[in-house]
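Q: Could you walk me through this model, with the cut-offs spelled out as we go?

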Amino acid sequence: MTFAWKAAGLTYNRYLAVAARVVRRSLKEEKRIVAERRGQQELRFAKWSNGKQGEIQNLAAANAQAAVESAATGGH
């Protein structure tokens, strides 16, 4: 027997994210706001070169910027 999330083509992590979002949205306003803040993630990274840490960057912003640059160069 196949799980519904698997049959829908979702990964388990994506299924959990969708389910959590549905539960958060079903809460009353004040509890929903607190739960949504808890659900947000802010990932950061830094490139290391010659044993020194580079500038710390927000992963989502860096990813969006890389996607724009990739589209501008034709994906190469």
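A: To begin with the surface, L10, Y12, Y15 and L16 form a nonpolar patch with about 350 Å² of accessible area together. Patches take residues with over 30% relative accessible area and no salt bridge, where like charges are joined within 9 Å and nonpolar side chains (Val, Leu, Ile, Met, Phe, Trp, Tyr) within 5 Å. Areas come from the Shrake-Rupley method with a 1.4 Å probe, and for residues only the protein chains shown count as cover.

Q: What kind of model is it, and how are residues numbered?
A: It is a predicted model, in which local features need pLDDT of at least 70 and side-chain atom pairs count only at pLDDT 80 or more, while totals for chains, interfaces and linings use all residues. Residues are numbered from 1 along each chain as its sequence is written, and side-chain values use heavy atoms, with hydrogens and water left out.

Q: OK, zooming out, what is the overall fold pattern?
A: The protein has four helices and two strands, which follow the pattern α-α-α-β-β-α along the sequence. The radius of gyration is 18 Å, well over the 11 Å that the globule rule gives for 76 residues, so the protein is more spread out than a compact globule. That radius is taken over C-alpha atoms, and the globule rule is 2.2 Å times the number of residues to the power 0.38. Helices (H or I, at least four residues) and strands (E, at least two) are DSSP runs, numbered from the N terminus.

Q: How much of the protein is buried?
A: Of the 76 residues, 5% count as buried. Residues 24 or more positions apart account for 0% of the contacts with a separation of 6 or more, a contact being heavy atoms within 4.5 Å. The protein exposes about 7,000 Å², of which carbon and sulfur atoms supply 55%.

Q: Switching to the strands, how do they pair?
A: Strand β1 (residues 44–49) has zero buried residues among its six, so it lies largely in the open. β1 and strand β2 (residues 52–58) pair in the antiparallel sense over five bridges, where pairing requires that DSSP finds at least two bridges between two strands. A46 stands opposite I56 in β2, and the two strands form a hairpin with two residues between them, N50 in the turn having a positive phi of about 55 degrees.

Q: How many salt bridges are there?
A: The count comes to one, under the rule that a side-chain nitrogen of Lys or Arg lies within 4 Å of a carboxyl oxygen of Asp or Glu. R32 forms a salt bridge with E29, the closest N and O atoms being 2.6 Å apart. Being three residues apart in helix α3 (residues 29–39), R32 and E29 are separated by about one helical turn.

Q: Are those two partners buried or exposed?
A: R32 counts as buried at 18% relative accessibility, whereas E29 is partly exposed at 48%. Not counting residues up to four places away in sequence, R32 touches R24, R25 and L27.

Note on methods:
Buried means under 20% relative accessible area, exposed over 50%, partly exposed in between (1.4 Å probe, protein chains only).
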